[in-house]
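Here is a short briefing to read alongside the structure. Take a moment to look it over, and then we can walk through it topic by topic.

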Amino acid sequence: MLTKLQGERYQVVQVLGQSLFGQTYLVQDTHLPDHPTCVVKHFLPSSQCPIPVEIRRRLFTREVEALKKLDNYDLVPHLLAHFEDNLEFYLVQQFIEGHPLTAELSPGDSWSQSKVFQLLYEVLSILNFVHSYGLIHRDVKPSNILRRKQDNRLVLIDFGAVKPIWNQLILNQAKTSNFIPLEYTTIAIGTPGYMPHEQQRGKPRPNSDIYALGMIAIQALTGVHPTQLPEDRNTNEILWQELAQVNDELALILNKMVCYHFQDRYNSAKEALEALAPLTHLYTSTQEWAPTLIPQNVTFDNQNSLPEQNVKQVFGNNPSAPLFNNQTSDISELEIVELLSKLYTPTQESAPTSRLDNDQTISISPGKLTLLIGLMLGVVSSLIFIVFSYWSVQVIGPIPQIQNSSSEPPEGLR
């Protein structure tokens, strides 16, 4: 195993993984203060890929260019550096602290529909960004999706497969060179169970990534690994709905994501996001498992109808006034009672706000204050009317005096 890379700069701490296309190391950068941790990928090692160095260098350059396009996005690892050392090629990427989704996908355990819905929205949002640059991940699987420790957001990693059809580049080189064995022109990148038919044939498309994500969602709902799910013998479609409790609308979306033929799937991640949008109100109200946001690059027609409890959950206990006013339209009955009690208390008559049990301050707009004053005046007017009515009855119809039945006869009659 390597212990040092590029002039003794990167100290290898651990081997994270290896495959035909590269080896991945967890390293410390000894040239920077505090020796920060990062990830180094050995790109197409010559010991495993007998490809001429000129072709490996060209593929490496294309890989670097592809990863630089994703550098301004927070939900993929950033490319920190890249270098060539002794005719070997290396990528240095940001280390994401967190755990892979495989830790949450235990066999036999199923996720709630709300959690699956959030998974789809977050990862589709990332794929939408990646695909917008003409890149295909080609290895979307649970171990390549991390739940970031600092904020619980999902992050897509291992972009060693984003090379824009590098097999085709090798094939083109093979036409003018005798150095490339034929078998290297037909290598399919991907993982069984998550890799669709066209990708197995070495012809991935953007919706090949959508297929992989759909299979992860089905695995989460059923607790069954994709390789163990039955298939329809006539259509090759995955049979899974009887193994899960799922809303018909969500099941319809998942079935389209994992159609056997790519032309029957959603054409893009954006299209899949738009299909999920009408279901937002069904799942956001029960979303208690993760403090993550619905992706902001998708516009929902019913976004303003999110309940107040979700606004508190997403934005915390102290949202800004403009944002809070956009999400809520009325003051609750509890707030009205507390406001009235404060108005009737002499020591708090000048308080412009009321504080709930969770210390969240709610501002009273002039319109609402007028409503409260009107309510008070109405109560006082009603009391005055009752008193006046009672007084009127006493004046018009006084109670008759009862005469004494034992009174004596007049003196003249005695």
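Let's begin with a helix pair: helix 2 passes helix 6 in a left-handed crossing. Please keep in mind that the model is a predicted one.

**Helix 2 with helix 6**
- Six residues deserve a look here: Gln-113, Leu-120 and Leu-124 of helix 2 make the contact with Leu-250, Leu-254 and Met-257 of helix 6.
- By class, the residues of this contact divide into 5 nonpolar, 1 polar and no charged.
- The axes of helix 2 (residues 113-132) and helix 6 (residues 248-257) cross at roughly 40° and come within 12 Å.
- Because of that angle, helix 2 and helix 6 count as oblique to each other.

**Helix 2 with helix 5**
- How do the axes of helix 2 and helix 5 cross? They come within 10 Å and cross at roughly 165°, with helix 5 spanning residues 206-222.
- Angles over 145 degrees count as roughly antiparallel, so helix 2 and helix 5 are roughly antiparallel to each other.
- In this pair, helix 2 passes helix 5 in a right-handed crossing.
- On the helix 2 side, the contact is made by Gln-113, Val-116, Leu-119, Leu-120, Val-123, Leu-124, Leu-127 and His-131.
- On the helix 5 side, the contact residues are Pro-206, Asp-209, Ile-210, Leu-213, Ile-216, Ala-217, Ala-220 and Leu-221.
- Sorted by class, the contact of helix 2 with helix 5 has 13 nonpolar, 2 polar and 1 charged residues.

- An open sheet is formed by 6 strands in the order 1-2-3-4-6-5, with antiparallel pairing.
- Which strands stand at the edges? They are strand 1 (4-5) and strand 5 (79-85), and each has a single partner strand, so one side of each is left without a neighbour in the sheet.
- Further in, 6 bridges pair strand 4 (residues 37-43) with strand 6 (residues 88-94) in the antiparallel sense.
- In that pairing, Phe-43 is found opposite Phe-89 of strand 6.

**Helix 1 and Val-64**
- Helix 1 lies across strand 4, strand 5 and strand 6, and runs at about 15° to strand 6.
- Val-64 is part of helix 1, which covers residues 53-68.
- Is Val-64 buried or exposed? Buried means under 20% relative accessible area, so Val-64, at 4% relative accessibility, counts as buried.
- Leaving aside residues up to four places away in sequence, Val-64 touches Leu-79, His-82 and Leu-91.
- Between Val-64 and Tyr-90 there is a separation of 26 residues in sequence, and their C-alpha atoms are 9.8 Å apart in space.

- Strand 7 (residues 98-100) runs antiparallel to strand 8 and is joined to strand 8 by 3 bridges.
- Gly-98 is the residue opposite Arg-148 of strand 8.
- Strand 8 is also joined by 3 bridges to strand 9 (residues 154-156), again antiparallel.
- Here Leu-146 has Val-155 of strand 9 as its bridge partner.
- The hairpin of strand 8 and strand 9 has 5 residues between the strands, and in this hairpin Asn-152 takes a positive phi near 70°.

Definitions and conventions
Residues numbered from 1 in each chain as written. Predicted model: local features only at pLDDT ≥ 70, side-chain atom pairs only at ≥ 80, totals over all residues. Heavy atoms only, no water. Pairing = 2+ DSSP bridges. Helix = DSSP H or I, 4+ residues; strand = E, 2+ residues; numbered from the N terminus. Axes fitted to C-alpha atoms, helices over the stretch in contact; angles between N-to-C directions. Parallel < 35°, antiparallel > 145°, perpendicular 65-115°, else oblique. Left-handed = near helix turned anticlockwise from the far one by under 90°. Contact = heavy atoms within 4.5 Å. Nonpolar A, V, L, I, M, F, W, Y, C, P; charged D, E, K, R; others polar. Buried < 20%, exposed > 50% of the residue type's maximum accessible area, 1.4 Å probe, protein only.
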